[in-house]
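Please keep the sequence and the structure in view while reading.

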Amino acid sequence: MTELKINLMGRVEFKYGEKNIEHKLSNKGIALISLLMLHMKNGVSRERLISYLWADSDEEAAKYNLRYNLWNIKKVIPTDEKGQDFILANKDYCRLNQNYFFESDILQLMSFENQETERSIEELGHCKQLFRGDFLEGVYLKNCDEFNEKIILERIVYQNKYVKLLKAIAEKYETGSQFEECIQILSELAGMEPYNEGIIQSKLNAYIQLGQWSDAIACYKKFEASLRSDLNVSPSQKLKLVYNKLLGKPQISTQKASGSSGFKRQKLDIEVQCAENIDYFCIADLIRKIILRGDRKYIFQFNKCYLEDLNFIQLEVGIGYERLHGEKCSLRTWLPDVRIADACIRFILYVNDIYDLHVSLKNADKIDQASSQIIQYLKRLKIADLLIQES
Amino acid sequence: MRVIEYEPALCYHTVKIAKIIGKTGLNKTVLPKRQENQMHADLLIKNGKCLCVANDNVYDWVAVTGHKISGLGYREEYKRTFDRIHCTIDANGNTVLPGFYDSHFHLVQTGLDSLSLDLSEATSFDDIGDLIKEQSRLTPEQPIHAKGLYPYNLKEKCFPSRTVLDKFCNDVPVWVTSSDFHISALNTYGILYYKIPFTIGGIELDSKAMPTGIFKKQANVILRENILKNVSNAHRLEAIKGVLDDAVKHGITTIDTMEGGFLFCNKDAELIYDYKDTFPVDVNLYYQTSDILKVKELRLPRIGSNPFIDGTLGSRNAALNYPYIDDPDNIGELYFTQEELNEFLVECYKNRLQTSLHVIGGRAIELALKAHEHALNMTGNAGLRHRLEHVELVSSSQILRARELGLVFSMQPTYEYLWGGKGRMYEARIGEHYRESNPLREILDHGVVICGSSESDVTPIGPAMGIHSAVNHPVEEHRIERMEAIRMFTLNGAFAVFEEKKKGSLELGKLADMVILNKDIMKVPKEQIKDVEVATTIKSGHILYHTNELCLGVDDHD
């Protein structure tokens, strides 16, 4: 069984058996072991160690300090069962004893380098667990510029490794169609690189694969809000396109099943007036009220030819279109009834694509002939979520 | 005794009505109808020039019972009206006003900055070094947060790197931010102390691919967030306390504070949300975010001035209609497309949220106006008193369109005092166009309501300075009358947050938020308005601040 465990990622931890012993080591002692571990193979010359850790001391004092720290380490970390020392030091060089049996996160990570694609998800997962935080978190040595530089350098190296590792894990999950796990890893990645659109795009794709449309939309909206809030910019056109497609698919669907994808269709309750002997009065009132209460951006995306036909019986169509698009909506001087009826039916079906349309006819007994026929036709279609009744 | 009663005036639109009523009520004491006989007052301010502000009435005294104004009148009529007066203040003929509004403020940032080391006067790395060394001596073992560094002012014309900062201090983390918060620098200790994400963009590297300690863009945002979110709420509250004390000394009884969002920290907004009821003055939170859902969840009726539609003139990124004089290839930046802003405002209108958009240059103002026109057309939801913040370079036609939309302009007259006029920053940036900045006269003449503010700590706290700057605008045709300037910081401020029915003027039944000045502000030479000080600040009938200059007497019967 391994007696000594050393973790240099995150808060420094030295465990001997069940006991934590890092508090028995000085900061420079920990720094000394870290340096030797980073140079496990060849060790480090005493001169170099002094330049890392006692550059501001005179030569004799520096040499003494190094000796003292080596002695202290030897005292804190005893010899192994074979009687071998943890650190081997001679007149010129110091190195960690490769035969001394101990475990270290850094050494495991070093042995893992550049092999992500060949490893299994389990192995990658184990490696991920070794990243408990930044290299030597909380360590800073005053007047040890070179050593502090070393810490910064190692932090950069290991942060990049961690990102690479997470990307490799996410890719493996994606390839294996394990999208929920993939999302989890991508979320962790997004935590490290919150403005990386590539990560968000991968997350959206994973949600889409799972059919979790509402989660995908929420994910995009959150990203968009954080870009705006933190950097005051918008997502790229490319990502917006993905989002628009996302919105398009479930919202345009007339299938009742779209509700199961997490979208809540808005209910539009409309009461319309009827007037005898005025052709299209009732249906024109319905169109006007839909325009007033509905999403105009969506409504006026309806085919312009049909909108122009509707404009013949309801001027709000042309007025609204002009306000939104800044261009004219033609006003016909005459139209055959069949064109008006067809435009009305298509318009109501188009609106019903995104709304649960509930229409109540007030004074239904006074409905005009043309509107009545259109209403009857719509009722015969038995369209889901389109309810027309007399009030 | 004739009693005049009328609804509290509605800012600009009803000022005229109030004026008419005011004429009929001139020299008449105003008292509650049902308490016409004898009643008691907790506080009486007498011998003052009590400006109603909602109309032209100038009363001699104002009485307070409980939290509200219980009487206003002339000469010594209060003796007949009140059988008991607990406390009397003699205003010595000086002005008494409604408590001031500061309608655009950064409360937490002002507080934290007040506890930070100020580098705005530094002109070289040596200056920075001296200041940091001194701070290190004064607060040993404490991290140093230094603000306000303007690299163009430095002899070296660049930001100090970590190796430079290490020479000044290497035993505590040092964090230096630029005056516009867009750039940060850390010493080596700081890099190792604060959690730095090295995989993100915006980290400046040296020739050896090592971080120089200078952070921009994304890296700066994350660094700021990491540092600011680790500032404890206790520290934040301590910082705010100092600012509120200062605000009270300047007569401010209501603050509209913009918190959170771009280059700020959302924890600031959350703190204000949680603690605003514990502050001595009223604080209205504008959460700076584009997250409408979050604002709705918090049941806030308004959303803050983030998004910024453009930048600032100082940083040369306000979106102008012409190039900058000192940067001819640059016309500034728009941070939104028309489509994006349209979409955002439509959602705000649908949710009936009052918005406040940061706009400075003509192009940004145009973008905002078009988006408001679009949102109003799409939703028909009017009457939300949406605000445009700063609006420094607005044109005549834009003012008219803003009036049609019912927009309120939230402006900072002190900008003109600091940067306006010949030979100042505005001229350096936009040349002769400096004559067009902050056209207060024209805006008021066209009927747009302006609420005034300091945007602390961009300019110093102090409505008197704001009033002074509006009255003494460096461009003569943009100057406004004293009473108009006072309204910017009182009644119009209340109007901008739908509080004009309970605050913003000295009227019967309104909250007793009042200020006694140490002079008659209507009579001091206009060049000296900025020197007028606050002698007493009263919030909801409670005296929060009082100098010894005035006579304060406690009496059971006056």
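A nonpolar core is a set of buried Ala, Val, Leu, Ile, Met, Phe, Trp, Tyr and Cys residues joined through C-beta atoms within 7 Å. The model shown here is a predicted one. Its largest nonpolar core has 134 residues, and those that touch the most other members are B:Ile45, B:Val62, B:Ile309, B:Ala364, B:Ala368 and B:Ile450. The element that gives the most to this core is helix H12 of chain B, residues 362–379, with nine residues. Both domain 1 (1–98 + 504–558) and domain 3 (289–503) of chain B give residues to the core, which therefore lies between these two domains.

Leaving aside its neighbours within four places in sequence, B:Ala368 is in contact with B:Ile309, B:Leu341, B:Leu357, B:Val359 and B:Leu388. Apart from this core lies another, of 88 residues, whose members include A:Tyr52, A:Leu165, A:Leu189 and B:Phe215.

The view may now widen to chain B as a whole. Chain B has 19 helices and 25 strands. Its radius of gyration is 25 Å, close to the 24 Å that the globule rule gives for 558 residues, so chain B is as compact as a globular protein of that length. The C-alpha atoms of chain B fill a box of roughly 85 × 55 × 50 Å along the principal axes. Of the 558 residues in chain B, 53% are buried. Among contacts in this chain between residues at least 6 apart in sequence, 71% join residues at least 24 apart.

Chain A comes next. Its domain assignment gives domain 1 (4–117), domain 2 (177–264) and domain 3 (266–390). Between the C-alpha centres of domain 1 and domain 3 of chain A the distance is 81 Å. In chain A, the axes of helix H13 (residues 304–311) and helix H14 (residues 315–325) come within 6 Å and cross at roughly 135°. H13(A) and H14(A) are therefore oblique to each other. H13(A) makes this contact through A:Leu307, A:Leu310 and A:Asn311, and H14(A) through A:Leu315, A:Val317, A:Gly318 and A:Tyr321.

What remains is the meeting of the two chains. Here 26 residues of chain A are in contact with 28 residues of chain B. On the side of chain A that touches chain B, the elements giving two or more residues are helix H6 (145–175) and helix H9 (213–231) of chain A. H6(A) supplies the largest share of that side, 10 residues.

Methods. Residues numbered from 1 in each chain as written. Chains lettered and ligands numbered in written order. Predicted model: local features only at pLDDT ≥ 70, side-chain atom pairs only at ≥ 80, totals over all residues. Helix = DSSP H or I, 4+ residues; strand = E, 2+ residues; numbered from the N terminus. Rg over C-alpha atoms; globule rule 2.2 N^0.38 Å. Buried ≥ 20, exposed ≤ 12 C-beta atoms within 10 Å, placed from the backbone. Contact = placed C-beta atoms within 7 Å. Domains from an automatic or database assignment. Axes fitted to C-alpha atoms, helices over the stretch in contact; angles between N-to-C directions. Parallel < 35°, antiparallel > 145°, perpendicular 65-115°, else oblique.
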